[in-house]
Amino acid sequence: MDGDEHKNLRALTQSWFMPNSILKLDGRIRKLASEIVEKIRQQEGQRIDFSTDYALHYPLHVIMDILGVPQEDAPRMLMLTQEFFGSEDSDLKRKSPGESDSSGAAMGKAMMAVVEDFKVYFEQLTEDRRKNPRNDIATLLANAQVDGQPIDEVARLGYYFIIATAGHDTTSSSTSVAMWALSRFPELLPRLQADLSLIPQFIDEALRFASPVRHFMRTATADTEIRGRVIRKDDWLMLCYGSANRDEEVFPEPFKFNMDRKPNRHLAFGIGNHVCLGQHLAKMEMRILFEELIPKLRQVEPAGEMDFVASNFVGGPKHLPVRCLMR
Ligand code: HEM
C-alpha cells in the first residue's frame with residue numbers, strides 16, 4: 001500500500017505510538033518487567049529458557065493491552081502468531097491431523113487457516129467494540145473512517161493483524177538477543193550496571209544483531225540502477241534487513257556485538273514511509289526490562305545453545321537456555 005491510502009491509514013493510529021503517548025504506559029510495562037525479574041530470582045541458579053519462559057510473553061501482554069484484547073486470550077494470540085511466522089518451522093507450524101506434507105501448497109493452506117482464525121477473532125472484537133466502545137485501538141479501528149467513509153474490512157483486518165503479530169514477536173526476539181549478549185559477553189553486565197544510561201545503546205546493538213524482520217518486498221515504480229545493477233519498473237526487490245545491518249561499509253566488524261557503535265544507524269525498523277510504527281514502543285519495552293533486570297543480576301551464563309525459529313520472514317531465537325545468579 002502506498003501514497004495517500006497508506007498515509008491516511010497509518011495516521012489513524014500513529015499518535016498512539018508516538019514517544020509522548022507511550023510514556024503513559026511506563027508504569028504498566030515496568031510492573032510486568034519487575035514481575036519477570038522476581039520470577040527469574042525464584043529460579044536463581046537453575047537452567048531457564050529465557051525465550052519461551054519470558055521474552056515471548058512480555059511484549060505480548062503490552063500489545064494486548066494497547067489493542068484492547070483480554071489478557072486471558074494471550075495463549076491464543078501467541079499460538080496464532082507463532083503458527084503464522086513459524087509456518088516453515090516444524091515445531092511451530094500448524095499441523096493438520098495426519099498431515100506430513102511440507103510442500104509450499106500445504107504451507108500456504110496452513111497459513112490461510114491461521115489467517116482465517118485471526119479474522120474470526122478480530123471480527124468478533126470489532127462487533128463488540130462497536131457496541132461497547134473503550135479507549136483502545138480495537139475501538140479506534142472498529143469505528144475508523146477515512147474521508148468520512150468507514151475503512152474497509154480488508155484494511156481493518158490487515159491493521160489488527162500487523163499490530164497483533166508484528167507488535168510482539170519482533171520485540172521478543174530482540175529481547176532474547178540482548179539477553180544472549182549478556183550471557184556471552186560477561187564484560188557487558190558490569191559496564192551497564194555502572195552506567196544504566198548505556199542501556200539504550202546496548203538495545204540498539206541488540207536490535208541490529210537480531211534484525212527480527214528478515215525481509216519485506218518492494219515493487220520498483222520506475223527503471224533505475226543500484227550499484228551497477230539494473231532494476232526495471234515492476235521488478236520485485238527483496239529488502240534484507242539483516243544484511244543491511246551487517247554492511248561492512250557502515251558497520252566496522254559487523255559480526256561483532258559492539259554496543260559502543262556511534263552512530264548505530266541500523267535498519268532493523270526499516271526506513272522511509274513504512275518505517276516501523278511501533279519502534280518507540282519496542283525500544284521502550286526493551287529498555288524498561290533491562291533497567292529492571294540489569295541492576296539485580298550478578299551473573300548470567302549460557303546453559304546451552306540458542307537456536308532459531310525457521311523463518312525467512314519474521315523470527316528470532318526459539319530457545320535461549322541461560323542460568324542467572326542474582327544480587
Ligand atoms: C523490535 C521490534 C520491532 C521490529 C524490529 C520491527 C520492524 C519493522 C519493520 C522492518 C517494518 C517494515 C518497514 C518497511 O516496510 O520499510 C515494520 C513495520 C511495522 N511495524 Fe514494526 N517492528 C517492531 C515492533 C513493532 C511493534 C511493537 C509494533 C506495534 C504496533 C509494530 C508495528 C508495525 C507496523 C504497524 C508496521 C507497518 C508500518 C507501515 O507500513 O506504515 N512493530 N516493523
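Helices (H or I, at least four residues) and strands (E, at least two) are DSSP runs, numbered from the N terminus. The structure is a predicted model, in which local features need pLDDT of at least 70 and side-chain atom pairs count only at pLDDT 80 or more, while totals for chains, interfaces and linings use all residues. Residues are numbered from 1 along each chain as its sequence is written, and side-chain values use heavy atoms, with hydrogens and water left out.

**View A. The loop between α12 and α13, with the iron donor C276.**
The loop between α12 (241-244) and α13 (279-293) contains C276, whose SG atom, at 2.3 Å, is the only protein donor of the iron atom of the ligand. Donors here are N, O and S atoms within 2.8 Å of the metal (3.2 Å for Na, K and Ca), and water is not among the atoms, so sites may look incomplete. P263 lies in the loop between α12 and α13 as well, and the peptide bond that joins K262 to P263 is cis, with omega near -5°. E253 is also placed in this loop and, with a relative accessible area of 56%, is exposed (buried means under 20% relative accessible area, exposed over 50%, partly exposed in between, with a 1.4 Å probe and protein chains only). Between E253 and N132 there are 121 residues of sequence separation and 54 Å in space, C-alpha to C-alpha.

R208 belongs to helix α11 (residues 199-210) and counts as buried, because its relative accessibility is 0%. When residues up to four places away in sequence are not counted, R208 touches N245, R246, F251, P254, K256, R261, N264 and H266, where contact means heavy atoms within 4.5 Å.

**View C. The packing of helix α3 against helix α13.**
Helix α3 (residues 26-42) packs with α13 at an angle of about 45°, and the two axes are 9 Å apart. Axes are lines fitted to C-alpha atoms, for helices over the stretch in contact, and angles run from 0 to 180 degrees between N-to-C directions. The arrangement makes α3 oblique to α13, given that angles under 35 degrees count as roughly parallel, over 145 as roughly antiparallel, 65 to 115 as roughly perpendicular and the rest as oblique. The crossing in which α3 passes α13 is right-handed; a crossing is left-handed if the near helix is turned anticlockwise from the far one by less than a right angle, and right-handed if clockwise. On the α3 side the contact is made by D26, I29, R30, A33, S34, I36, V37 and I40, which meet L281, M284, E285, R287, I288, L289, E291, E292 and L293 of α13. By class, the residues of the contact of α3 with α13 are ten nonpolar, one polar and six charged (Ala, Val, Leu, Ile, Met, Phe, Trp, Tyr, Cys and Pro count as nonpolar, Asp, Glu, Lys and Arg as charged, and the others, Gly among them, as polar).

**View D. Helix α5 and its crossing with helix α6.**
The axes of helix α5 (residues 58-67) and helix α6 (residues 74-85) cross at roughly 110° and come within 11 Å, which makes α5 roughly perpendicular to α6. This crossing of α5 and α6 is right-handed. L60, H61 and M64 of α5 meet A74, M77 and L78 of α6, and the residues of this contact comprise five nonpolar, one polar and no charged. Eight of the ten residues of α5 are buried, so the helix is largely enclosed by the rest of the structure; these buried residues are Y58, P59, L60, V62, I63, M64, I66 and L67. After α5 comes G68, with a positive phi near 100°.

**View E. I48 in strand β1.**
Strand β1 (residues 47-49) includes I48, which is buried, with a relative accessible area of 2%. Leaving aside residues up to four places away in sequence, I48 touches I40, Q43, D53, Y54, L320, P321, V322 and C324. I48 and D235 are separated by 187 residues in sequence and by 46 Å in space, C-alpha to C-alpha.

Most residues other than glycine have a negative phi, and most peptide bonds are trans. D147, although not a glycine, has a positive phi of about 50°; D147 sits in the loop between β2 (145-146) and β3 (149-150) and is exposed, with a relative accessible area of 72%. D234, in the loop between β6 (229-231) and β7 (236-240), has a positive phi near 75° and is exposed, with a relative accessible area of 53%.
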